[in-house]
Amino acid sequence: AGTPAQILWENLQPQPSPIITLRYFDIRGRGEVIRLYLNELGLEYNETSFTGQEWQELKPKWSKLGLIPFGQVPSLSYNGIHLVQSHAILRFLSRKHDPSYMRMTPEEKAEVEIMADSTSDLRGRVMKIKYDSSLNEKQKSDAFLQYCTTTAMEWLKKFEAYLPSSAASNPSYATFLLFDLIDTHRTYCPPAAFSELMKANPKLAALEMSFPSRSKLATYFASRRGP
């Protein structure tokens with residue numbers, strides 16, 4: 001056990017490299033932010049990628065093995081511990097490997113977690129349009145344009161106001177989720193609409209531009225998979 005100070009000190013000491021395996025579809029999706037964060041933390045990991053068809057065969061096998069207790073991915077195994085839910089995975093990695101997060105007060109951690117969990121609300125709206133089987137391609141394009149010029153503009157302004165000034169230089173796991181959210185909007189918003197979003201939110205635009213040049217991410221971005 002030990003006191004919080006002792007636990008923090010032990011966590012900051014050099015540790016043996018953990019054995020990590022990430023399981024996710026061969027797309028960016030919800031696995032991408034975990035890939036980015038693992039690279040930022042300098043953690044080596046194995047990845048098991050698969051297609052939608054392969055998933056149908058893997059799902060029952062992994063469920064029986066306890067790798068995906070809720071039948072969903074991403075799934076991360078860390079030294080024999082099997083984790084699911086992308087935010088839970090990121091928080092776990094922060095607690096284990098991010099000294100800045102370890103040193104935060106409960107109040108500071110709450111602010112990080114508020115921003116992290118809020119990204120899910122907006123991402124869900126994007127995915128609702130993407131996976132709406134009742135819409136044809138033209139209708140989806142129209143729906144994305146409407147969303148990107150109204151709802152997205154309103155919500156991203158909230159993130160712009162909430163984003164701490166140190167986010168780009170000292171990013172938390174929530175900053176990675178926010179980058180992933182912006183990146184998702186770049187993928188699905190019409191170019192002109194996305195450009196307007198960034199003009200209206202210069203801190204978010206600067207954050208997005210800073211990620212590919214981060215020293216631990218540059219190599220990953222150079223060979224990054226498609227959406």
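**Entry 1: ground rules**

Buried means under 20% relative accessible area, exposed means over 50%, and partly exposed is in between (1.4 Å probe, protein chains only). I am reading a predicted model, in which local features need pLDDT of at least 70 and side-chain atom pairs count only at pLDDT 80 or more, while totals for chains, interfaces and linings use all residues. Residues are numbered from 1 along each chain as its sequence is written, and side-chain values use heavy atoms, with hydrogens and water left out.

**Entry 2: the whole protein**

I began with the overall picture and found 12 helices and four strands (DSSP runs numbered from the N terminus: helices are H or I with at least four residues, strands are E with at least two). The C-alpha trace spans about 55 × 45 × 30 Å along its principal axes. Buried residues make up 43% of the 227. I also checked contacts, meaning heavy atoms within 4.5 Å. Among those between residues at least 6 apart in sequence, 67% join residues at least 24 apart.

**Entry 3: helix α2 and its cover**

How many of the nine residues of α2 are buried? I counted eight in this helix, which runs over residues 32-40, so α2 is mostly covered. The buried ones are Glu-32, Val-33, Ile-34, Arg-35, Leu-36, Tyr-37, Leu-38 and Glu-40. Their cover includes the strands β1 (20-25), β2 (46-50) and β3, together with the helices α4, α9 (173-188) and α12 (218-222). After α2 comes Gly-42, with a positive phi near 75°.

From there I went to Tyr-220, which sits in helix α12. Tyr-220 has a relative accessible area of 12% and is therefore buried. Apart from neighbours within four places in sequence, Tyr-220 touches Glu-32, Arg-35, Leu-36, Asn-39, Tyr-45 and Arg-225. One of these, Asn-39, is 181 residues away along the chain, yet its C-alpha atom is 7.6 Å from that of Tyr-220.

**Entry 4: helix pairs**

For the pairs I needed some terms. Axes are lines fitted to C-alpha atoms, for helices over the stretch in contact, and angles run from 0 to 180 degrees between N-to-C directions. A crossing is left-handed if the near helix is turned anticlockwise from the far one by less than a right angle, and right-handed if clockwise. For residue classes, Ala, Val, Leu, Ile, Met, Phe, Trp, Tyr, Cys and Pro are nonpolar, Asp, Glu, Lys and Arg are charged, and the others, Gly among them, are polar.

I took α6 (residues 106-130) and α7 (residues 137-149) to start with: their axes come within 9 Å and cross at roughly 160°. That makes α6 roughly antiparallel to α7 (over 145 degrees; roughly parallel is under 35). The crossing of α6 over α7 is right-handed. On the α6 side I found Leu-122, Arg-125, Val-126, Ile-129 and Lys-130, which meet Lys-140, Ala-143, Phe-144 and Tyr-147 of α7. By class, the α6 and α7 contact has six nonpolar, no polar and three charged residues.

Next I looked at α8 (residues 151-162) and α10 (residues 191-200), which pack at about 25° with axes 10 Å apart. They are therefore roughly parallel to each other, and α8 passes α10 in a right-handed crossing. Ala-152, Met-153, Leu-156 and Lys-157 of α8 meet Glu-196, Leu-197 and Ala-200 of α10. This contact holds five nonpolar, no polar and two charged residues.

Helix α10 also pairs with α9: the axes come within 8 Å and cross at roughly 150°, in a left-handed crossing. Ile-182, His-185 and Arg-186 of α9 make the contact with Phe-194, Leu-197 and Met-198 of α10. I sorted these residues into four nonpolar, one polar and one charged.

Most residues other than glycine have a negative phi, and most peptide bonds are trans. I looked for exceptions. The peptide bond from Val-73 to Pro-74 is cis, with omega near 15°, and Pro-74 lies in the loop between α3 (52-65) and β3 (75-78).

Asn-79 is not a glycine, yet its phi is positive, about 50°. I located Asn-79 in the loop between β3 and β4 (81-84). Is Asn-79 buried, partly exposed or exposed? Its relative accessibility is 48%, so Asn-79 counts as partly exposed.

Gln-85 also has a positive phi, near 75°, and belongs to the loop between β4 and α4 (86-97). With a relative accessible area of 44%, Gln-85 is partly exposed.

Terms used: Parallel < 35°, antiparallel > 145°, perpendicular 65-115°, else oblique.
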